[in-house]
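Me: I've got a model open and a few minutes. Can you walk me through it?

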Amino acid sequence: MNTNCNPNFGILMIDDEMPFLRSLSISLERHGFNNLYRCQDSREAMRIIAKEKIKVVLLDLTMPYLSGEALLKMIVEEYPDVSVIILSGLNQLETAVNCIRLGAYDYFVKTTEEGRLIEGVSRAVRMKEMHIENQNMRQKFLSGTLEQPEVFSKIITQDQAMDSVFQYLESVSISSQPLLIGGESGVGKEQIAQAVHVLSKRSGPLICVNVGGLDDNIFADTLFGHHRGAFTGANSARAGMIEQAAGGTLMLDEIGDLSPASQIKLLRLLQEGEYYPLGSDRPKRIKARVIVATHQDLEQKQQNGEFRKDLFYRLRIHHVNIPALRHRKKDIPMLLDYFLNEAAKELNKPKPTVPKELLVLLDNYNFPGNVRELRALAYDAMSQNKTKTLSMESFRRALNMAAIPNKSVPDTSLFKEGQPLPTLQETNDLLIEEAMRRSKDNQSIASRLLGISQPALSKRLKKKLSDKGID
Ligand SMILES: Nc1ncnc2c1ncn2[C@@H]1O[C@H](COP(=O)(O)OP(=O)(O)OP(=O)(O)O)[C@@H](O)[C@H]1O
C-alpha cells in the first residue's frame, strides 16, 4: 500500500449520508490520510473546493438537490485539475462508463473492499502529486529561476548543474515520496536535505540519522523505538527517530550500507507507512517525509545484488546527484573565500588576501574529500596564518601528503594501436606543456604536477627553448 497520504492539498468527501461520510473519513485517517474535508450538502461542494485547495474528490452519485453526476460535470469543467473518484451505491457498468466518460478519475462501488478503495485513493493522490511536481518543474525550467533562492543561500555555488538540482528540489520538495540524494562524501548532501526540509514547509523537525554500520537490531531500535521491557536493559520506553521526526523530515544517511535485514524493514516502512516499536504489537504510522543519502552507487549495488531492487526503485522516485567538487571547479574560489571569511570570524582574525598561485594550486587538485576537504584546508590555513597574504604553506603540505594531485591514469589514447609510439623526447615535451598549461605557467605548481623539483623543470624548459633556437 502506498504511504502517499500526506499531500499538501485537500481531499473532499461528498455524500448526503453522514454515517457513510464518518466511516469513510475514519477509514482514511486510519490509513494515514490527512487534510480531509466532509460535505453532506452537494450544493456546498464547489465553494469548499475553491476555498480548501481540494485536488481529490470522493463523490457519491445519488444525492438530493444537486446529483453527483451534475456535480461531476461542474467540477470537471471548472476544476479540470481535480481528480474525482465516484463512490456509488450502484454496481452498474453503464453508470461507471458514463462517469468515466464525463471525466471521473475512477469508480468504486460503496461495498468495495476497504483495501482496494484505499489503494485507489492513494493512486489518485500520487498521480495528482506527480502532476503538480511536473507542472512546477516545467515552469521552473522555462523560467530558469528559483522561487525561494534564500533557502539555498548557504550552499555556495555558481555551477549550472547545481542550479538545476536546486530547481528540481523546489519542484519535489512538497512531495510526500522519498527523496534520494547521491554524491561523493563531502559534497554537501546534508546541506541539501536541510534546504529541502525548509522548502517542504513541514512544521516538524529535521532529524538526521547515520544508518551506516548499524546492525539490524540497533537500526530497528534507533528508528522505531521500544517499549519498556522489550529487551534486557530496556528499563524505560524510548521513542524512535521516526516519532521524533513527526510532522517533519527524517534523513537517513549512508543508506548504501544498510544490511539486507534492515533494507527489508525500510522497504516495509515505506510501502505500508507503518512500523512496530520493539516490544509492541500495535503499529504506528510514520508522519515524516523520508530523505535518504548515500555516497555509493546504489544502482551498481542493486545490479550486484547488494541492494534490494524493490527498495532501490522505491527510493529513486525522486533523486538528485550532487556533482563532485572536481567537476565544478569554478566553485573553488567562491568556496575558499566563504570558508576563509567564516574561519576569520570564528578565529577572530583579519581575513588575509588569497595569492593567485593558491587558486591555481587548488584548481589542479582533485579534492577526493570534496567541499568538506576544502573547508578543512581553509580553516587549517587560517588558524596558522600570521601574515596579510594567506600563506600557501599549509595547503602545500596537505596537498603534498594527499594522494596525487591529478595523477590520473595515463590516457592510453596516446598510444593508438597501429600508430607509431611517440619518442621519449616528444612525450617529455608534451607532459611539460600540459603541466605548464594546467598550472597557468606557474613553474612551482607545474613541477609538483610532474613530480620533479622546480630547478629541474626550469632546466628542461630552458633546454626546450634553446632546442628551438630561442634564447
Ligand atoms: N556548497 C557548499 N557551500 C558551503 N558549504 C558547503 C557546501 N557544500 C558542503 N559544504 C560544507 O561541507 C561540509 C560537508 O558537507 P555535508 O556534511 O553536507 O556533506 P555530505 O555530502 O553529507 O557528506 P557525507 O557523505 O560524508 O555525509 C559541511 O561543513 C558543509 O557545511
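Reply: Here is a quick tour by question and answer, covering confidence, the ligand and the sheets.

Me: Is this from an experiment or from a predictor, and what is the mean pLDDT of the chain?
Reply: It is a predicted model. The mean pLDDT of the chain is 88. Of its residues, 94% reach 70 or more.

Me: Which elements have the highest and lowest mean pLDDT?
Reply: Strand β10, residues 249-253, has the highest, at 97. Helix α16, residues 393-401, has the lowest, at 77.

Me: Where is the pLDDT below 50?
Reply: Over residues 402-410. Beyond near neighbours in sequence, that stretch has 10 contacts in the model.

Me: And what are the ipTM and pTM for the complex?
Reply: The predictor gives an ipTM of 0.97 and a pTM of 0.72.

Me: On to the ligand. How many residues surround it, and which are the closest?
Reply: There are 17 residues around the ligand. The closest are Ser185, Gly188, Lys189, Glu190 and Val371.

Me: Which elements give two or more residues to that shell?
Reply: Helices α7 (189-200) and α15 (370-384) do.

Me: Which domains does the shell draw on?
Reply: At least three residues come from domain 2 (144-323), and at least three from domain 3 (326-401).

Me: New topic, the sheets. What is the strand order in the one with β1?
Reply: That open sheet has five strands in the order β2-β1-β3-β4-β5, with parallel pairing. The edge strands are β2 (36-39) and β5 (106-109), and each pairs on one side only. Neighbouring strands are turned by 20° against each other on average, direction ignored.

Me: How many bridges join β1 and β3?
Reply: Five, in the parallel sense, between residues 10-14 of β1 and residues 54-60 of β3. Isoleucine 14 has leucine 59 of β3 as its bridge partner.

Me: Which helix lies across β3 and β4?
Reply: Helix α3, residues 68-78. Its direction is at about 160° to β3.

Me: What about the sheet with β10, what is its order?
Reply: This open sheet of five strands runs β7-β10-β13-β6-β14, with parallel pairing. Strands β7 (206-210) and β14 (318-321) are at the edges, each pairing on one side only.

Me: How many bridges pair β10 with β13?
Reply: Four, in the parallel sense, with β13 covering residues 289-294. Leucine 250 stands opposite valine 290 in β13.

Notes: Residues numbered from 1 in each chain as written. Predicted model: local features only at pLDDT ≥ 70, side-chain atom pairs only at ≥ 80, totals over all residues. pLDDT = per-residue confidence, 0-100. Contact = placed C-beta atoms within 7 Å. Near = placed C-beta within 6 Å. Domains from an automatic or database assignment. Pairing = 2+ DSSP bridges. Axes fitted to C-alpha atoms, helices over the stretch in contact; angles between N-to-C directions.
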